[in-house]
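Please keep the structure in view while going through the numbered points.

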Amino acid sequence: MNDMRVPVLVEHAPSPSAPASPARSASPPSASGPRIAAVRCALPPHRYAQHELTGPIGDLCLSPGADRALLHRVHASAGVGTRHLALPIERYARLGDFGRSNDAWLETGLELGEEALSGALREEGLAPADVDLLVFASITGVAAPSLDARLAGRMGLRPDVKRIPLFGLGCVAGAAGLARVHDHLRGHPDDTAVLLTVELCSLTLQRGDSSRANLVAGALFGDGAAALVARGGNTDVGSSGGGGGSSSSSSSSSSTVAPAAGPRVVATRSHLYPGTERLLGWEIGAAGFRVVIDAGVPDIVRGHFGRHLRAFLAEHELTVDDIGTWICHPGGPRILSAVSETLGLSEDALDCSRRSLAAVGNMSSVSVLHILEGIRARRAPEPGTWGLLLAMGPGFCSELVLLRW
């Protein structure tokens with residue numbers, strides 16, 4: 001996959017160009033708009049420094065006696081300091097086939113998913129019965145019934161909870177899932193919605209695969225889960241939980257809710273880049289998920305992503321300079337550099353993304369929620385601050401979520 005030529009993109013409908021000096025009179029989001037109320041991440045207990053993993057991952061991926069120079073270069077340049085793995089590193093050699101890896105995804109995913117979801121609900125003072133919509137995203141394992149359905153009974157969600165399990169979005173799913181939660185809450189302002197992401201990327205590492213893509217994945221990706229609670233506008237002015245009016249929510253622990261410091265979602269934008277379907281994703285076979293990471297992804301970011309992002313902001317009478325908080329998926333050092341260069345960002349604009357990458361690696365769809373949790377935990381942006389949450393994933397596609405505190 002690494003010798004692919006970067007495709008020439010043919011846009012079906014050109015995005016409007018951003019005006020040179022747009023007015024900056026955009027009004028704050030409606031006080032009744034959807035609000036991000038809580039974010040909570042859960043990480044496996046098996047935490048390793050990057051240098052502790054280089055040797056064992058080399059043993060898994062390379063044949064005995066193989067040159068390890070590329071492996072060491074990739075690990076040293078990944079921007080990762082520590083990572084959490086679903087299993088102790090010594091267990092990966094014994095996983096065997098895809099079935100056993102997927103079983104481990106389901107077992108550990110349920111534990112981490114429950115921890116993240118219960119923590120996020122507790123942060124907002126809610127009970128599981130208060131959840132009206134549960135959007136679940138993962139691209140590192142499969143199950144039917146899906147993991148969200150199994151969690152519903154395990155945690156006590158209402159039998160009439162709406163569920164949307166997502167697969168195939170990959171790293172973009174944290175942003176895209178939030179965008180779809182926003183869409184639902186715009187039409188159901190009494191509701192409480194949850195986005196749950198579970199990614200156990202280490203379980204997809206291909207044993208005996210010395211390809212550059214597999215070595216990059218082995219150097220970059222970490223494991224974790226995250227849950228985000230979002231509330232419709234009517235929940236801020238006084239309503240009991242269960243939002244959607246279901247009588248089965250009588251056990252709700254929520255009561256009148258005062259407006260909180262969490263940001264509101266103002267607008268979202270999805271974009272597919274034609275002719276780029278083979279740049280990023282999985283090849284799925286008997287051994288499970290074999291990663292596809294093409295070296296041309298940063299070139300797509302530099303050549304096209306900035307134009308679409310600026311056009312999106314211009315529709316809201318904003319420019320890049322108006323964004324005070326950037327929540328950018330940490331796809332890797334080259335991706336972060338490409339985003340920063342194409343947007344002309346200040347040197348420290350993506351520091352939150354780089355800190356997340358260094359602390360836990362690239363956790364696919366979990367990462368943007370991990371960054372958002374860190375921002376909320378350190379010091380919430382000043383009221384009125386604009387934020388942009390963004391990610392890219394298989395398709396090749398991007399998702400933009402405009403926020404305001």
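1. The structure holds 13 salt bridges, a salt bridge being a side-chain nitrogen of Lys or Arg within 4 Å of a carboxyl oxygen of Asp or Glu. This is a predicted model, in which local features need pLDDT of at least 70 and side-chain atom pairs count only at pLDDT 80 or more, while totals for chains, interfaces and linings use all residues. Residues are numbered from 1 along each chain as its sequence is written, and side-chain values use heavy atoms, with hydrogens and water left out.

2. One of the salt bridges pairs Glu 124 with Arg 35, with 3.4 Å between the closest N and O atoms. Because Glu 124 belongs to helix H3 and Arg 35 to strand E1, the pair ties together parts that are 89 residues apart in sequence. Helices (H or I, at least four residues) and strands (E, at least two) are DSSP runs, numbered from the N terminus. Glu 124 is buried at 16% relative accessible area, and Arg 35 is buried at 1%. Here buried means under 20% relative accessible area, exposed means over 50%, and partly exposed lies in between (1.4 Å probe, protein chains only).

3. Arg 158 takes part in a salt bridge with Asp 132, the closest N and O atoms being 3.0 Å apart. Asp 132 lies in the loop between H3 and E4, and Arg 158 in the loop between H4 and strand E5 (162-166), so this pair ties together parts 26 residues apart in sequence. Asp 132 is buried, at 1%, as is Arg 158, at 5%. Arg 158 also meets Asp 160 in a salt bridge (2.8 Å, N to O); Asp 160 is partly exposed, at 36%. Elsewhere, salt bridges that share partners join Arg 35, Glu 124 and Arg 231 into one network.

4. Which residues have the most contacts inside the largest nonpolar core? They are Tyr 92, Leu 157, Leu 196, Leu 203 and Val 229, in a core of 45 residues. A nonpolar core is a set of buried Ala, Val, Leu, Ile, Met, Phe, Trp, Tyr and Cys residues joined through side-chain atoms within 4.5 Å. Among the elements that each supply at least two residues are strand E1 (35-42), helix H1 (50-61) and helix H3 (98-124). H3 gives the most, with nine residues. A second, separate core has 42 residues, including Leu 220 and Tyr 273.

5. Helix H6 (residues 212-220) is mostly covered, with seven of its nine residues buried. Leu 215 and Leu 220 are among these buried residues. The buried residues of H6 pack against H1, helix H2 (69-76), strand E3 (82-85), strand E10 (288-293) and helix H9 (351-360), where contact means heavy atoms within 4.5 Å.

6. Is Ser 398 buried or exposed? Ser 398, which is placed in strand E13 (residues 397-404), is buried, with a relative accessible area of 4%. Not counting residues up to four places away in sequence, Ser 398 touches several residues, including Val 172, Phe 305 and Met 392.

7. Gly 233 sits in the loop between E7 and strand E8 (264-272) and is buried, at 3% relative accessible area. Gly 233 and Arg 35 are 198 residues apart in sequence and 7.1 Å apart in space, C-alpha to C-alpha.

8. For the protein as a whole, there are 10 helices and 13 strands. Of its 405 residues, 58% count as buried.
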